[in-house]
Amino acid sequence: MSGIYIHVPFCLSKCYYCAFYSMPSLKRKDEYLESLRQEMVARKDYLHGMPVSTVYFGGGTPSLLTPEELKTILNLLHDHFPVEADAELTLEANPDTLSLEYLEALNAMGFNRLSIGIQSFFDDDLRYLGRRHDSRHARQCIDWARSAGFDNLSLDLIYGLPTSTADQWNRNLDLFFATGAPHLSAYALTLEPNSILTKRIAMGKAQPVEETAAVRDYGILCQRAAKEGFVHYEISNFCRPGFRSKHNSSYWFQTPYLGLGPAAHSFDGKERRWNAETLDGIRSEYEALTPENAYNEYVMLRLRTMWGLDLKYIRREMGDAFADHCERQAAPLVAQGRLSRTREFLYLTDPQMLFADGIAAALFY
Ligand code: SF4
């Protein structure tokens with residue numbers, strides 16, 4: 001079992017908070033498509049013939065590719081990799097690029113999961129974030145997605161916005177649950193060093209971001225999701241039973257995956273590889289995982305999930321030194337109630353999951 005990620009680095013403009021590798025122009029699209037084709041040929045053996053059970057088009061804005069372009073990429077994938085007939089095929093989309101006809105074409109060519117970047121159902125939030133769509137169009141796209149046959153639908157929301165209040169965030173969640181979408185990815189607004197938002201705040205053109213707002217909203221989110229019967233399976237991801245993102249779950253379970261396109265990451269079970277953030281030729285760097293890195297990475301990835309750390313697995317696969325270290329470091333955190341423990345597992349419960357990265361750092365070797 002393996003996965004393939006395809007990074008599509010184009011957007012129509014740059015959202016204010018964005019830190020992803022994307023260019024606000026389509027000028028180099030043909031060049032990109034050709035380099036993607038070449039990369040598939042060059043790296044067709046990376047997964048050693050393992051069946052591919054998930055394919056994920058992320059970005060950027062993958063929905064800027066035409067149905068014909070997407071079809072060509074899917075055909076190339078099938079030519080070079082053993083993609084399973086019932087593979088999960090996800091496309092990330094932004095509302096300003098969608099129409100009913102486009103969504104029907106996606107569904108007809110085999111995409112069976114759609115992830116739409118809604119971010120908020122309120123226009124003042126969307127303006128603050130520098131998004132191109134408004135809430136009316138966001139709702140229209142969700143209806144279109146349903147009509148086009150996307151039952152496996154995920155929506156993205158951003159919380160911790162200074163334009164919002166606890167009440168408005170609750171209403172955002174009301175609107176999300178009313179859509180019936182079975183999957184929610186919700187992210188705290190973060191200020192990236194070189195984002196437009198960071199500069200706008202420094203210039204006094206946008207309201208500053210308060211960390212307390214994210215903590216407040218996350219608490220509300222966890223409570224509301226649990227009440228609605230959603231499973232909180234990763235720090236930012238919630239779903240109705242049976243609608244977990246198989247592709248993203250494979251990252252947390254360290255399943256091998258191949259990342260194609262600029263800035264994409266790959267993992268073959270032994271080494272991590274990442275492509276340069278450029279369209280000028282396929283350049284990548286890699287890092288073989290040392291035992292320390294493998295342990296630290298396991299801790300970091302798994303603590304973000306509901307499955308947590310499997311102490312028996314650490315002892316069996318990584319050895320006594322790592323298992324003993326983990327138990328030693330975890331003991332005070334468990335005593336303080338910041339980390340939960342059963343005989344075999346260490347895990348974070350709601351809403352402590354928001355602090356997963358800091359707690360993981362305390363367990364690193
Ligand atoms: S659509 Fe996504 S990738 Fe593109 S600029 Fe906005 S946040 Fe960044």
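## A buried pair

Glu271 and Arg273 form a salt bridge, with 3.0 Å between the closest N and O atoms. A salt bridge here is a side-chain nitrogen of Lys or Arg within 4 Å of a carboxyl oxygen of Asp or Glu. Both Glu271 and Arg273 are buried. Buried means under 20% relative accessible area, exposed over 50%, and partly exposed in between (1.4 Å probe, protein chains only).

## Basis of the values

This is a predicted model: local features need pLDDT of at least 70, side-chain atom pairs count only at pLDDT 80 or more, and totals for chains, interfaces and linings use all residues. Residues are numbered from 1 along each chain as its sequence is written, and side-chain values use heavy atoms, without hydrogens and water.

## Other salt bridges

The whole structure holds 19 salt bridges. One of them joins Arg272 and Glu297, at 2.2 Å from N to O. Arg272 sits in strand β11 (residues 271–275) and Glu297 in helix α10 (residues 291–303). The two are 25 residues apart, so described as distant parts of the chain. Arg272 and Glu297 are both buried.

Lys312 pairs with Glu344, and their closest N and O atoms are 3.4 Å apart. Lys312 belongs to helix α11 (residues 311–318), while Glu344 lies in the loop between β14 (340–341) and β15 (345–347), so the bridge ties together parts 32 residues apart in sequence. Lys312 is partly exposed, with a relative accessible area of 49%. Glu344 is partly exposed too, with 28%. Salt bridges with shared partners also connect Arg315, Asp320, Asp324, Glu327 and Arg341 into one network.

## Overall fold

The protein has 13 helices and 15 strands. These are DSSP runs numbered from the N terminus: helices are H or I with at least four residues, strands E with at least two. The C-alpha trace spans about 55 × 50 × 40 Å along its principal axes.

The radius of gyration is 21 Å, which agrees with the value near 21 Å for a compact globule of 365 residues. It is taken over C-alpha atoms, and the globule rule is 2.2 Å times the number of residues to the power 0.38. Of contacts between residues at least 6 apart in sequence, 70% join residues at least 24 apart. A contact means heavy atoms within 4.5 Å.

## Burial and charge

Buried residues account for 53% of the 365 residues. The protein has 38 positive and 46 negative charges, and their mean positions are 2 Å apart. Lys and Arg count as positive, Asp and Glu as negative; His and the chain ends are left out. Each charge is placed at NZ of Lys, CZ of Arg, CG of Asp or CD of Glu.
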